[in-house]
Amino acid sequence: MVTTLERTLRAVRYRSLQDGVRRVRAGVDLFLRPGHTAIDSDGTVFPVATIQYFINGQTEFMEVLEDG
């Protein structure tokens with residue numbers, strides 16, 4: 001069961017793991033906040049430290065960085 005502090009990432013298009021910190025590029029979810037828990041589409045669960053939004057006329061996505 002997903003709680004209100006957990007959000008499942010949708011439309012994941014990229015993920016990386018560098019120095020133990022996960023970065024996932026996914027569709028925009030305005031309900032996800034730093035301090036919440038993200039659930040990646042591969043089943044990985046991680047705490048959210050930072051969210052960066054990229055929005056222009058052709059595309060929109062966010063990058064979610066793990067609390068490392």
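Leu30, Tyr53 and Ile55 form a nonpolar patch on the surface, with about 320 Å² of accessible area together. A patch here is made of residues with over 30% relative accessible area and no salt bridge, like charges being joined within 9 Å and nonpolar side chains (Val, Leu, Ile, Met, Phe, Trp, Tyr) within 5 Å. Accessible areas come from the Shrake-Rupley method with a 1.4 Å probe, and for residues only the protein chains shown count as cover. The model is predicted: local features need pLDDT of at least 70, side-chain atom pairs count only at pLDDT 80 or more, and totals for chains, interfaces and linings use all residues. Residues are numbered from 1 along each chain as its sequence is written, and side-chain values use heavy atoms, with hydrogens and water left out.

The classes are buried (under 20% relative accessible area), exposed (over 50%) and partly exposed (in between), with a 1.4 Å probe and protein chains only.

From the surface, turn to the interior. In soluble globular proteins, nonpolar side chains tend to be buried together. The largest nonpolar core has ten residues: Leu9, Val24, Ala26, Leu32, Ala38, Phe46, Val48, Ile51, Met62 and Val64. Two or more residues of this core come from each of E3, E5 and strand E6 (60-66), and E5 gives the largest share, three residues. Such a core is a set of buried Ala, Val, Leu, Ile, Met, Phe, Trp, Tyr and Cys residues joined through side-chain atoms within 4.5 Å. Leaving aside residues up to four places away in sequence, Leu9 touches Val24, Ala26, Leu32, Ala38, Ile39, Asp40, Ser41, Phe46, Met62 and Val64, where contact means heavy atoms within 4.5 Å.

Charged pairs come next. Side chains of opposite charge can pair when their charged atoms come close. A search of the whole structure finds seven salt bridges, each a side-chain nitrogen of Lys or Arg within 4 Å of a carboxyl oxygen of Asp or Glu. One of them joins Asp29 to Arg7, with the closest N and O atoms 2.9 Å apart. Asp29 lies in the loop between E3 and strand E4 (37-39) and Arg7 in strand E1, so this pair ties together parts that are 22 residues apart in sequence. Asp29 is buried at 10% relative accessibility, whereas Arg7 is partly exposed at 27%.

Asp40 forms a salt bridge with Arg22, the closest N and O atoms being 3.0 Å apart. Asp40 sits in the loop between E4 and E5 and Arg22 in strand E3, 18 residues apart. Both are buried, Asp40 at 2% relative accessible area and Arg22 at 13%. Arg22 also pairs with Asp42, at 3.7 Å between the closest N and O atoms. Asp42 is partly exposed, at 42%. Shared partners join Arg15, Arg22, Asp40 and Asp42 into one salt-bridge network.

Most residues other than glycine have a negative phi. Ala11, not a glycine, has a positive phi of about 50 degrees; Ala11 is in the loop between strand E1 (6-8) and strand E2 (14-18) and is exposed at 56% relative accessibility. Asp19, also not a glycine, has a positive phi of about 55 degrees. Asp19 is in the loop between E2 and strand E3 (21-26) and counts as exposed, at 76% relative accessibility.

Note on methods. Helices (H or I, at least four residues) and strands (E, at least two) are DSSP runs, numbered from the N terminus.
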